[in-house]
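Thanks for coming. I will talk about charged side chains today, starting at the surface and then moving to pairs.

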Amino acid sequence: RPWYGGKVASYKDRDGNHIEMGLHVFFGCYFNLFRLMAKTGGLNNLLLKDHTHTFCNEDGDVRELDFRFFLNDTKIGAPFHGLKAFFTTPQLSVADKAANALALGTSPIVRALVDPEGGMEDIRKLDDISFTDWFTSKGGSMGSIERMWNPIAYALGFIDCNDISARCMLTIFQFFATKTDASVLRMLAGSPNDYLTKPIVEYVEKKGGRIHLKTGCREILYDTDEKTGKTVVNGLRIGGTKVVQADAYVAALDVPGAKKLIPQPWKDSMKQFGDIEKLVGVPVITVQLRYDNWVTEMQVENSKGKEARGIDNLLYSADADFSCFADLALVSPWDYYKEGEGSLMQCVITPPQKGAVSGRNYFKMPKEEIVKYTDEQVRKLFPSARKSKLLWSSVVKIAQSLYKEEPGLDVFRPDQKTPIDNFFLAGSYTKQDYIDSMEGATLSGRLCASKIVDEAGKLAQASKIESEVANA
């Protein structure tokens, strides 16, 4: 690729429009990512949103899961702000709220309030069951699943509560319940390329590092000792014939990239590599729609020419095939607000092979048809969109994005340290307690770096021996 960033990449098209790979939201519990952004000078590029999660139903019916809780001027934090949010949300009926309270009140989250590590241990044990099966077994209702938890599951893992593991969902809930600002959202002030990856790239380059674009790794070169069976990586084939050698090698990849690059003999002989074949990526489609007015302001009349207005936050919906979306012209205005134009809706269609509401297979559709159906659903949700004009659109299809966090798959996620002493793994699919996300990717990198530091002495000794042999 000619640009940085992987799954959080963005680039400009010929007309200067920023094209994104997906909608990127920064939860308050992204501690490792925030530390990285602070270190590289990008933390101030995040814009804080109101501490509420907004659900957009048909015909402008907007309801909130509102974590803002004050007594006089005193801010009330975890876990009480969460209890207030769930007991008062109009997105659920009274019966659903009661069932919701019963299920979550008997979950490992309660233990996590007084024993975070113990609660997390209990949550890890729930990877073999879907969130729907776990939730309903504890008294939770399907009304809660359909109107609230499915949209959130689609936003987190691109799959619904029937397919996502209880471990995955409860991991997030545990953060939300125990840390006051874990559930507050931030979004980049502009494009990911300019405001997330660029500061990191500049930091690396100032430290003497180099990042090579348009330069794919084609093959891992290695030797295996016939007597001991021990394998050592001795180079990477880059492009056509170039070979790069190092003391340690890190494969920082997604699931399809790891499957493609890791040699088949390793998969056949080493369980850690073979298990990666059991993981699969989830498809996703990101649609951008630029209008001539402000779509989410909830007014019936056309608002063309008015100043920017609407809902400045991440949005969820149980009534559209895009379960999470946002108006980039409001949430990320530094790049996406355009004078004289209106909303830039970024809609994430999950699952694209079977729309959450319509059942349509978007992956088989041409771009024009995807845009047509997405635009229709925007107008269904927002009265103020119905008289608007669609000015521009973009569609990005990704066949394998996040790894599919189905029940029973967590055990197959590989550790960052591998059976090969000088070869390490990183990537959000690798073993770490967070979900496949920007935070998970950052955490995996920190864990990988820690494993390399632990092996530094052994790596230095191996490098010295290799150098002595070469000079003999």
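On the surface, R35, K39, K207 and R446 gather in a patch of positive charge. Patch members have over 30% relative accessible area and no salt bridge, and like charges are joined within 9 Å. This is a predicted model, where local features need pLDDT of at least 70, side-chain atom pairs count only at pLDDT 80 or more, and totals for chains, interfaces and linings use all residues. Residues are numbered from 1 along each chain as its sequence is written, and side-chain values use heavy atoms, leaving out hydrogens and water.

K39 sits in helix α1, residues 31-40; helices here are DSSP runs, H or I, of at least four residues. K39 counts as exposed because its relative accessibility is 59%. Exposed means over 50% relative accessible area, buried under 20%, and partly exposed in between, with a 1.4 Å probe and protein chains only. After α1 comes G41, with a positive phi near 90°.

Now the pairs. A salt bridge is a side-chain nitrogen of Lys or Arg within 4 Å of a carboxyl oxygen of Asp or Glu. That rule gives 32 salt bridges.

R147 and D319 form one of them, at 2.9 Å from N to O. R147 is in helix α7 and D319 in the loop between β15 and β16, so the pair ties together parts 172 residues apart in sequence. D319 is buried, at 11%.

R379 and D375 also pair, with the closest N and O atoms 3.0 Å apart. Both are buried.

Terms used
Patches are made of residues with over 30% relative accessible area and no salt bridge: like charges are joined within 9 Å, nonpolar side chains (Val, Leu, Ile, Met, Phe, Trp, Tyr) within 5 Å. Accessible areas come from the Shrake-Rupley method with a 1.4 Å probe; for residues, only the protein chains shown count as cover. Lys and Arg count as positive and Asp and Glu as negative; His and the chain ends are not counted. The place of a charge is taken as NZ of Lys, CZ of Arg, CG of Asp or CD of Glu. Helices (H or I, at least four residues) and strands (E, at least two) are DSSP runs, numbered from the N terminus.
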